[in-house]
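Hi everyone, thanks for coming. Let me put the sequence and the model up on the screen, and then I'll talk you through a few parts of it.

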Amino acid sequence: MIPVKFDPVNPLHRAAVLRMESSVPHGWPVSNVIATLLHEEFHAWCFMNEDQDVVLAWVLFESATDFAKIHRFIVHPEYLREGIGAEVCTELQKLLKPEPRRKLQMFVRETNLNMQLFLAAQGWLFVRFDENEFESEPAYVFEIYDMDPWPAEERIPAKQANTPGRKLKPEDLWDPSEDEFFDAEDDWDPLDLFSDEGDQNP
């Protein structure tokens with residue numbers, strides 16, 4: 001996977017972003033994307049295959065002095081359930097690590113359980129609830145510090161899952177043993193089922 005800066009003039013980039021945004025709830029039109037990128041603190045990247053002829057996912061983030069806030073994080077609907085979301089997370093951390101930022105931050109809609117599970121599985125920390133990010137519903141705020149995942153042994157039991165400042169794992173939000181359709185051996189990427197960013201996939 002190769003990260004490439006989003007080029008609004010590139011027809012491949014534009015078409016792929018439009019397809020991804022139209023595949024999720026609360027998707028952005030390309031005009032909104034371009035208008036956002038007129039502000040220098042916003043940056044967008046396409047994550048492409050090795051031949052750079054297919055856009056697998058895209059991310060838009062806002063850069064602050066010591067952290068980056070991710071606004072859009074979407075996997076292309078034609079490449080779901082292939083672990084693309086986890087790869088993008090890894091590449092994004094590599095991309096931002098050389099910068100003087102201590103954390104990544106993402107606001108996830110309360111109804112977007114798949115994204116919450118995905119971030120928890122990637123080692124992100126649920127830090128607080130937010131009532132102001134989205135008009136229609138509250139958000140879970142997730143962060144990851146120093147771009148390194150939290151150790152599994154530091155995560156907590158399910159009964160404490162809604163306590164800000166705790167390190168979550170997927171079982172904290174949902175017990176797979178209670179779902180007859182869950183296959184623990186399946187290489188399942190929650191992000192691949194529902195991508196919305198802040199409906200992003202959040």
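What you see is a predicted model, where local features need pLDDT of at least 70 and side-chain atom pairs count only at pLDDT 80 or more, while totals for chains, interfaces and linings use all residues. Residues are numbered from 1 along each chain as its sequence is written, and side-chain values use heavy atoms, with hydrogens and water left out.

When I name helices and strands, I mean DSSP runs, numbered from the N terminus: helices are H or I with at least four residues, and strands are E with at least two.

Let's begin with helix H1, residues 11-22.

Which residues of H1 are buried? They are His13, Ala16, Val17, Met20 and Glu21. These residues sit on the same side of H1, because they cover an arc of only 130° around the axis; the arc is that of the directions from the helix axis to the C-beta atoms. As a reminder, an α-helix has 3.6 residues a turn, so residues three or four places apart point the same way. By "buried" I mean under 20% relative accessible area; exposed is over 50%, and partly exposed is in between, with a 1.4 Å probe and protein chains only. On the face of H1 turned away from the buried side, we find the exposed residues Pro11 and Ser22.

What do the buried residues of H1 pack against? Their partners are strand E1 (2-5), helix H2 (30-37), strand E2 (42-48), strand E3 (55-63) and E4. Contact means heavy atoms within 4.5 Å.

Now to H2, where Val30, Val33 and Thr36 are buried. Their arc around the axis is only 125°, which puts them on the same side of H2. These buried residues pack against H1, E2 and E3.

Next, the salt bridges. I count one when a side-chain nitrogen of Lys or Arg is within 4 Å of a carboxyl oxygen of Asp or Glu. How many are there by this rule? The count comes to 5, and I'll show you some of them.

Glutamate 21 pairs with arginine 72, with the closest N and O atoms 2.5 Å apart. Because glutamate 21 lies in H1 and arginine 72 in strand E4 (residues 67-75), this pair ties together parts that are 51 residues apart in sequence. Glutamate 21 is buried at a relative accessible area of 2%, and arginine 72 is buried at 1%.

Lysine 69 and glutamate 133 also form a salt bridge, at 3.0 Å from N to O. Lysine 69 is in E4, while glutamate 133 is in the loop between strand E6 (125-130) and strand E7 (139-145), 64 residues apart. Lysine 69 is buried, at 13%, whereas glutamate 133 is partly exposed, at 26%.

Finally, asparagine 49, in the loop between E2 and E3. Asparagine 49 touches Ile2, Val54 and Leu56, not counting residues up to four places away in sequence.
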